[in-house]
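We will go stop by stop.

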Amino acid sequence: MKVIDIIKAKKPSFSFEVFPPKTSANFDSVIAAASEIASLKPSYMSVTYGALGTTASYTAEIAEKISALSVTPVAHLTCVNATRESIVGKLTDLRSRGIENILALRGDLPDGVTPDSLTYKYASDLATEISSFGSFCIGGACYPECHPESENSARDIEGLKRKVESGCEYLTTQMFFDNNILYNFMYRLLRAGVDVPVVAGIMPVTSASQIKRICSISKSALPQRFLRIVDRYGDDPNAMRQAGIAFATEQIIDLYANGVNAVHVYSMNKPDVARELRDNVSEIIK
Ligand code: FAD
């Protein structure tokens, strides 16, 4: 099934992201976690792609496994180090495995590299390639707090407009911890004429150690309300887990209540966290 049909349906979409292992030694445990998450019957599941190639070959394999468990998979694909030949090879492989959905990404620029030196400078170039290959539903990434490379939010939204014109049918957001930031961003997208569905990416923070990593990846603003939780419960793993799940639950309920119809949870390969969140909103998403 195409993800665009899932997120455009009346029923709220509730989906999860998993990531492949860094080494083959952890492959089985990732498959076990992904299978357990699939057993929660999410609307779809996405599988990330290792930009530096370390885990890249597993993405298609894990996505195929998810499909065999009767859950629609989305394979992430980055193009930062890619040649046209390698991308066509990946698309051919994904198609042969029956995967219909791709999240088209550029990936982070390696140190010292500028877009001008790349075959695919931006995700929109990859979206164009996938569109001409045909038959995939293409999604793209967006950043409610602006992508770190962008001069400003208006420029960032111009890039998103190009991404949509190149074939992205929906956009999934970077994590954010203040829903007002998303609502404001969605308003600016509409004003700029970007009217594809936006899937809200939610990260349940269940340990204090996650915070540092989150800030380095996403530059997400952490609201005072959230920082107080980390200050108070950061040293108590069970309390932090409980508070983090409650915070994410509240964010998700507020999103659905305000008309955002699709929520994507960065489940960090943790089936227990995914299950609790799903149970907390089970009546809302049914
Ligand atoms: P782009 O859309 O190309 O944007 C990159 C920068 O270029 C932005 O600043 C944008 O404003 C600007 N820009 C875009 N188009 C133009 C243009 N035509 N002219 C000038 N400037 C332009 N990384 C991974 O390695 N693997 C993953 O699986 C992965 N999954 C992700 C999933 C989500 C939902 C998100 C939000 C991010 C994910 N990332 C992943 C991270 C992503 O690869 C990085 O954020 C990367 O730096 C940008 O990728 P992009 O696809 O958004 O790039």
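Start with a sorting rule: Ala, Val, Leu, Ile, Met, Phe, Trp, Tyr, Cys and Pro count as nonpolar, Asp, Glu, Lys and Arg as charged, and the others, Gly among them, as polar. This is a predicted model, in which local features need pLDDT of at least 70 and side-chain atom pairs count only at pLDDT 80 or more, while totals for chains, interfaces and linings use all residues. Residues are numbered from 1 along each chain as its sequence is written, and side-chain values use heavy atoms, without hydrogens or water.

**Stop 1**

Select K11, P12, K41, P42 and S43. Of the 13 residues that line the second largest pocket, these five are the closest to its centre. The pocket has a volume of about 200 Å³. Its lining holds seven nonpolar, two polar and four charged residues.

What counts as a pocket or a cavity? Both are found on a 1 Å grid over the protein atoms alone: a cavity is a set of points where a 1.4 Å probe fits but cannot get out, a pocket is an open set with protein on both sides within 12 Å along at least five of seven lines, and lining residues have an atom within 4 Å of a point. Grid points are joined across faces, edges and corners, and a volume is the space filled by probe spheres set on the points.

**Stop 2: the ligand**

Now select the ligand. Around it are 25 residues, and Y49, D108, Y143, D156 and R162 come nearest. A residue is near if one of its heavy atoms lies within 4 Å. By class, this shell has nine nonpolar, ten polar and six charged residues.

Look for polar contacts, pairs of N or O atoms within 3.5 Å. In the side chain of Y143, an N or O atom is 2.7 Å from an oxygen atom of the ligand. For D156, the distance from a side-chain N or O atom to a ligand oxygen is 2.6 Å. For K163, a polar side-chain atom lies 2.8 Å from an oxygen atom of the ligand. Taken alone, the ligand exposes 970 Å², and the protein buries 85% of that. Such areas come from the Shrake-Rupley method with a 1.4 Å probe.

Which helix or strand gives the most to the shell? Color α6, which supplies four residues. β3 (73-78), β4 (101-105), α6 (153-165) and β6 (170-173) each supply at least two. Helices (H or I, at least four residues) and strands (E, at least two) are DSSP runs, numbered from the N terminus.

**Stop 3: the cavity**

Select Y143, P144, E145, C146, Q174, M175, S218 and S220. These residues line the largest cavity. Its volume is about 40 Å³. The whole structure has one cavity of 30 Å³ or more. The lining divides into four nonpolar, three polar and one charged.

**Stop 4: two positive phi angles**

Most residues other than glycine have a negative phi. Pick C146, in the loop between β5 and α6. Its phi is near 80 degrees, a positive value. Then go to S70, in the loop between α3 (56-68) and β3. S70 has a positive phi of about 65 degrees, although it is not a glycine.

Is S70 buried or exposed? Buried means under 20% relative accessible area, exposed over 50%, and partly exposed in between (1.4 Å probe, protein chains only). S70 is exposed because its relative accessible area is 63%.

**Stop 5: two distances**

Select R188 in helix α7 (residues 179-191). With a relative accessible area of 25%, R188 is partly exposed. The C-alpha atoms of R188 and P144 are separated by 9.8 Å, though the residues are 44 apart along the chain.

Finish at E149, in the loop between β5 (137-142) and α6. E149 is partly exposed, at 42%. Its C-alpha atom is 34 Å from that of D235, 86 residues away along the chain.

Notes: A polar contact is a pair of N or O atoms within 3.5 Å; within protein, one must be able to donate a hydrogen and the other to accept it, and residues adjacent in sequence count only if both atoms are side-chain atoms.
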